[in-house]
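Please read it beside the sequence and the model.

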Amino acid sequence: MKLAMSDKLSFDPEKVILTEFKMLKGKVDTPEFFNSKSIKNFTVDNSLTLSFNIEKGLAKAEYSIDIESDSENLNQSESKGSFHFVFIYLIDNLDVLAVVDKNQRILLDPFLANALASITYSTSRGILMMKLQGTALKNFILPIINPSKLIAKS
């Protein structure tokens, strides 16, 4: 996927509709005698993958995240969480915003890419906040980031 330079007028956020959400994986593992008060920090590894069905006007965003507590050796082992979310979007004018070039690469409107990353990431933040309540990772909040960094990482 390559970001294409485009006309701002082509992208309209109101033409992006979140049609489906699935949580493919949602798991928190906590050792039996884990003391969550000793957590000093969290280690996070996450990724975003975007894929498209241009003919049907669909985009799929897959967001995966692994979270591990950091208790600075105060616990024998750490609490870990692993989640995988899938978001399906219907985009009214996807054929204009995602064009396949002669090398079969998708040239993607950067405003669309940014919007999909932003919506996926921020919605995942809210879901994680709910899913982690009552667990050792209850104080973890997915940080606010520049969505361009998430796109560049993918």
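1. Phe 87 touches Leu 18, Glu 20, Phe 21, Ala 59, Lys 60, Ala 61, Thr 120, Thr 123, Ser 124 and Ile 127, where residues up to four places away in sequence are not counted and contact means heavy atoms within 4.5 Å. Phe 87 lies in strand S5. Its relative accessibility is 0%, so Phe 87 counts as buried (buried means under 20% relative accessible area, exposed over 50%, partly exposed in between, with a 1.4 Å probe and protein chains only). Phe 87 and Val 28 are 59 residues apart in sequence and 21 Å apart in space, C-alpha to C-alpha.

2. On the basis of the note: this is a predicted model, in which local features need pLDDT of at least 70 and side-chain atom pairs count only at pLDDT 80 or more, while totals for chains, interfaces and linings use all residues. Residues are numbered from 1 along each chain as its sequence is written, and side-chain values use heavy atoms, with hydrogens and water left out.

3. Four strands form an open sheet in the order S2-S5-S4-S3, with antiparallel pairing (strands pair if DSSP finds at least two bridges between them; helices, H or I of at least four residues, and strands, E of at least two, are DSSP runs numbered from the N terminus). Strand S2 (16-29) and strand S3 (41-53) stand at the edges with a single partner strand each, so one side of each has no neighbour in the sheet. From one strand to the next, the twist averages 10 degrees (axes are lines fitted to C-alpha atoms, for helices over the stretch in contact, and angles run from 0 to 180 degrees between N-to-C directions).

4. Within the sheet, strand S4 (residues 58-70) and strand S5 (residues 80-91) pair in the antiparallel sense over 11 bridges. Ile 67 is opposite Gly 81 in S5. Helix H2 (residues 110-132) lies across S2, S3, S4 and S5, and runs at about 140 degrees to S5.

5. The largest nonpolar core has 35 residues, of which Phe 52, Ile 91, Leu 112 and Leu 116 touch the most other members (such a core is a set of buried Ala, Val, Leu, Ile, Met, Phe, Trp, Tyr and Cys residues joined through side-chain atoms within 4.5 Å). H2 gives the most to this core, with nine residues.
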